[in-house]
Amino acid sequence: MGESVIPLADLRTRATPARVPEQPIPATGLLSDRLGRPLRDLRISVTDRCNFRCSYCMPKEVFDRDYRFLPQADLLSFEEITRIARLFVAHGVAKLRLTGGEPLLRKGLEALVAQLAALRTPDGAPLDITLTTNGTLLARKARALREAGLKRVTVSLDALDDAIFQRMNDVGFPVAEVLAGIDAALDAGLSPIKINMVVKRGTNCHEIVPLARHVRERYGPGVVLRFIEYMDVGATNGWRLDEVLPSAEVRARLHAAFPLEKLAPTAPGETAERWRYADGGGEVGFISSVTQAFCGDCNRARLSTEGKLFLCLFATRGHDLRALLRGGASDEDIASAIGLAWQERDDRYSELRSSGAAEPGSGERRVEMHYIGG
Ligand code: SAM
Ligand code: SF4
Ligand code: SF4
């Protein structure tokens with residue numbers, strides 16, 4: 001535990017300055033990284049705070065009363081986020097995901113959604129804007145978000161059983177309120193809704209079939225349940241391979257209850273493998289970052305709460321775009337810095353982990369997921 005002498009909060013300040021190349025890199029939408037991957041998807045963390053303490057993400061023992069979250073002045077303002085998002089869109093990004101921490105804790109988030117919804121791709125098309133939330137504030141906010149221009153939403157839900165759910169969020173939050181949030185999102189017209197379940201062996205694996213049954217019976221094909229393998233993100237969750245329930249096993253359990261058929265992917269870079277219930281009961285997804293790495297067509301960038309650009313979920317350092325923004329850089333300079341960072345990208349952590357070339361927990365400490373956005 002020699003590492004723990006570096007306070008976690010201080011790791012956030014470790015960054016690579018965002019370099020502005022001498023020759024501008026024009027935003028043509030054709031950027032490609034060293035492995036030939038385009039840039040299409042930007043995930044934006046709008047807060048590092050959360051009202052849950054899921055042990056796989058923000059364990060209570062680390063993120064306790066003494067933990068120093070970012071001060072307000074360090075967060076990118078909505079105007080700063082929108083300016084950066086606009087430059088990413090010029091470079092080819094067509095999809096934006098607001099995340100965190102818990103994004104709905106960020107005050108007035110609807111105003112940011114409205115600003116982002118007004119952006120257009122170079123072809124004049126609206127963006128695909130979505131949000132990942134733990135659902136606790138959805139019942140209150142779904143309508144305002146929809147009115148601001150949000151089209152769809154992903155809700156994290158790890159169990160239907162209240163005792164298991166409360167144990168997993170570790171703050172005693174009742175599952176009924178999240179279910180009410182999903183109902184409110186459907187009523188507000190947010191569609192399609194995706195539900196993400198992180199499966200941890202020995203913790204919630206008996207919830208796979210009950211949750212699937214609930215989603216099928218209550219919502220039908222309009223809601224897609226996705227099973228996520230427990231990942232070794234960050235440096236605080238004490239990840240162990242034996243707690244990962246591989247997607248193949250999750251699928252086998254589900255198939256035994258509700259026979260499944262494989263579907264073709266709809267878009268390159270899609271994280272989830274898609275399957276459908278043979279009886280027409282809808283679709284499910286499997287996100288298998290541990291057992292089936294999908295780095296080969298990873299087209300995702302992440303913008304942290306304080307404006308650092310991360311090129312991989314498992315990165316240890318970000319490129320400090322906020323310093324450029326607040327230092328008076330022009331749009332052209334910031335776009336060129338984004339372009340250069342992407343052109344130099346060669347990250348493929350999950351692939352390396354699968355091949356044994358990257359050991360979880362080795363080298364520099366990775367940033368936490370709630371800070372760079374899941
Ligand atoms: N607070 C919001 C939520 O929980 O939906 C958004 C942020 S959260 C970091 C985004 C997603 O990451 C959630 O679906 C969560 O379940 C997932 N996640 C967090 N830690 C994870 C881990 N160790 N392995 C797999 N998924 C994880
Ligand atoms: Fe909060 Fe989401 Fe992390 Fe759970 S997964 S602690 S809800 S940020
Ligand atoms: Fe993308 Fe990094 Fe995940 Fe690979 S490990 S899919 S490069 S975010």
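This is a predicted model: local features need pLDDT of at least 70, side-chain atom pairs count only at pLDDT 80 or more; totals for chains, interfaces and linings use all residues.

Started with Asp170, which counts as partly exposed because 16 C-beta neighbours lie inside 10 Å. The scale I used: 20 or more other C-beta atoms within 10 Å of a residue's own is buried, 12 or fewer is exposed, in between is partly exposed, with C-beta atoms placed from the backbone. Asp170 has phi near 60°, a positive value in a residue other than glycine. I found Asp170 in the loop between helix H5 (162–169) and H6.

Residues are numbered from 1 along each chain as its sequence is written, while chains are lettered from A and ligands numbered from 1 in the order in which they are written. Helices (H or I, at least four residues) and strands (E, at least two) are DSSP runs, numbered from the N terminus.

Pro192 sits in the loop between helix H6 (175–187) and strand S6 (193–199).

Then strand S2 (residues 41–45). Is it enclosed or open? Five of its five residues are buried, so S2 is largely enclosed by the rest of the structure. Asp41, Arg43 and Ser45 point one way from S2, Leu42 and Ile44 the other way.

For strand partners (a pair needs at least two DSSP bridges), I looked at S2 on both counts. S2 pairs with S3 in the parallel sense over five bridges, and Arg43 has Arg97 of S3 as its bridge partner. S2 also runs parallel to strand S11 (residues 300–303), joined by four bridges; there Leu42 is partnered by Ala301. I also noted that S2, H2 and S3 make a right-handed β-α-β unit, meaning that, with the strands pointing away from the viewer, the path from the first strand over the helix to the second runs clockwise.

Helix H3 (residues 109–117) was next; I find Leu109, Leu112, Val113 and Leu116 buried. Seen down the H3 axis, the buried residues fall within an arc of 100°, so they line one face; the arc is that of the directions from the helix axis to the C-beta atoms. What do they pack against? Helix H2 (78–90), strand S3 (95–99), strand S4 (128–133) and helix H4 (138–148), counting a contact when C-beta atoms, placed from the backbone, lie within 7 Å.

Last, the ligands. My shell rule: a residue is near if its C-beta atom, placed from the backbone, lies within 6 Å. Ligand 1 has 20 residues around it, the closest being Tyr56, Cys57, Ser156, Met231 and Gly374. S4, S6 and H12 each give two or more residues to that shell. Residues around ligand 2 include Cys50, Cys54, Cys57 and His370. Among those around ligand 3 are Cys295, Cys298, Cys312 and Arg348.

I also looked at Tyr371, in helix H12 (residues 369–372). Tyr371 counts as buried, with 26 C-beta neighbours inside 10 Å.

Methods. Two residues are in contact if their C-beta atoms, placed from the backbone, lie within 7 Å.
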